[in-house]
Amino acid sequence: IKKIGVMTSGGDSPGMNAAIRSVVRTCAYHKIECVGIYRGFEGMIEGDFKSMDARSVKDIINKGGTVLKSARSQEFRTVEGRKTAHDKLIEANVDALVIIGGDGSFTGALIFNNEFDFPVMGIPGTIDNDIFGTTHTLGYDTALNTVVEVIDKIRDTASSHNRLFFVEVMGRDAGHIALNVGVGAGAEEILIPEEDLGLDRLLESLRRSKQSGKSSSIVVVAEGDKIGKSVFELKDYVEANMTEYEVRVSVLGHMQRGGPPSCFDRVLASRMGVKAVESLLDGQTNYMVGLLNDVMALTPLDHAVKGKTKINLELLRVSEIMST
Ligand code: F6P
């Protein structure tokens with residue numbers, strides 16, 4: 001392998017830039033070339049490549065987002081699109097890829113590898129933490145810290161006005177963010193897709209909390225929660241069934257994906273970049289690098305995509321005890 005292409009794909013996450021920097025610098029360290037591929041698979045199809053050296057990634061370790069930009073490509077879903085992408089890589093003498101992204105990006109990478117036998121290595125980058133084969137995806141830790149900070153602020157207004165807040169957080173179909181920030185920010189209840197607590201249980205818990213002398217409450221709701229109601233419907237439901245609280249809703253949205261990466265994400269990104277490049281140089285392909293028991297580990301890409309991450313349900317119990 002003489003030249004590695006690096007790209008970011010899917011939803012951006014804090015730490016992606018630190019991972020790009022690590023890939024580029026590891027290539028420089030091993031004296032191989034590196035090209036940045038802009039806008040994910042979209043840019044690959046268009047041949048939107050730029051040579052990168054150790055200096056071209058200065059001052060980005062601390063930046064959120066991705067300097068290589070990101071996109072979700074429809075064209076790459078077609079055989080013709082992937083063929084064009086392959087032609088562009090061959091033209092540019094790129095002989096392996098590091099793809100920083102989530103399961104959609106890895107699925108694309110797998111199909112591409114099957115069709116063209118092109119070496120690929122994945123780095124998990126998503127705030128959702130929904131990838132099998134790593135305890136932490138890049139950006140997850142930063143998102144947790146961002147959300148906890150915001151809920152602390154919401155708590156100020158909740159307690160000043162004796163209000164109940166439903167706070168919706170991201171995570172797609174997974175409840176990792178909700179569960180952890182729920183405990184970290186001291187939420188009254190946490191609603192996640194993995195466990196349907198039911199509306200009766202929610203009302204009961206809110207009543208109990210009011211009776212125990214609490215004047216305000218925060219309920220953290222994962223966007224993929226299975227209780228069957230949006231946060232706005234939850235507000236209406238609670239207001240219709242209990243008069244004790246004035247209820248407000250806060251949907252945090254994309255601010256959860258922005259901002260400078262935490263130190264944890266920067267270190268993780270640096271480690272993952274080194275592992276990804278060195279694994280390719282060792283002849284490994286179709287793997288994702290991940291953090292398991294604080295050690296860099298490789299997981300086959302198809303397992304990373306198909307395997308289910310386990311939600312730590314112990315945290316639900318911790319949360320229940322904490323909201324006594
Ligand atoms: O996967 C990251 C994520 O932010 C999810 O938490 C969320 O469901 C989704 O992306 C939002 O996607 P978009 O940026 O396309 O609105």
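Guide: The following account begins with the sheet and then turns to the cores and the ligand shell. This is a predicted model, in which local features need pLDDT of at least 70 and side-chain atom pairs count only at pLDDT 80 or more, while totals for chains, interfaces and linings use all residues. Residues are numbered from 1 along each chain as its sequence is written.

The open sheet has 7 strands in the order β3-β2-β1-β4-β5-β10-β11, with mixed pairing. Strands here are DSSP runs of E with at least two residues, helices are runs of H or I with at least four residues, and both are numbered from the N terminus. Two strands pair if DSSP finds at least two bridges between them. The edges are β3 (49-51) and β11, each of which pairs on one side only. From one strand to the next the twist averages 30°, where axes are lines fitted to C-alpha atoms and angles run from 0 to 180 degrees between N-to-C directions.

Met121 has Tyr287 of β10 as its bridge partner, and Tyr287 in turn is bridged to Pro300 in β11. Between β10 and β11 (residues 295-300) the pairing is antiparallel, over 6 bridges; Gly290 and Ala297 are bridge partners there. These two strands form a hairpin with 2 residues between them, and Asn293 in the turn has a positive phi of about 50°.

Next come the nonpolar cores. A nonpolar core is a set of buried Ala, Val, Leu, Ile, Met, Phe, Trp, Tyr and Cys residues joined through C-beta atoms within 7 Å; buried denotes 20 or more other C-beta atoms within 10 Å of a residue's own, with C-beta atoms placed from the backbone. The largest core has 51 residues, of which Val6, Ala19, Val23, Val98 and Ala276 touch the most other members. Helix α1 (residues 16-29) supplies the largest share of this core, 7 residues. Leaving aside residues up to four places away in sequence, Ala19 touches Ile100, Ile123, Gly125, Leu138, Ala269, Met272 and Gly273, contact being C-beta atoms within 7 Å.

Finally, the residues surrounding the ligand include Gly11, Thr126, Asp128, Arg172, Glu223 and Arg257, the criterion being a C-beta atom within 6 Å of the molecule.

Notes:
A residue is buried if 20 or more other C-beta atoms lie within 10 Å of its own, exposed if 12 or fewer, and partly exposed in between; C-beta atoms are placed from the backbone. Two residues are in contact if their C-beta atoms, placed from the backbone, lie within 7 Å.
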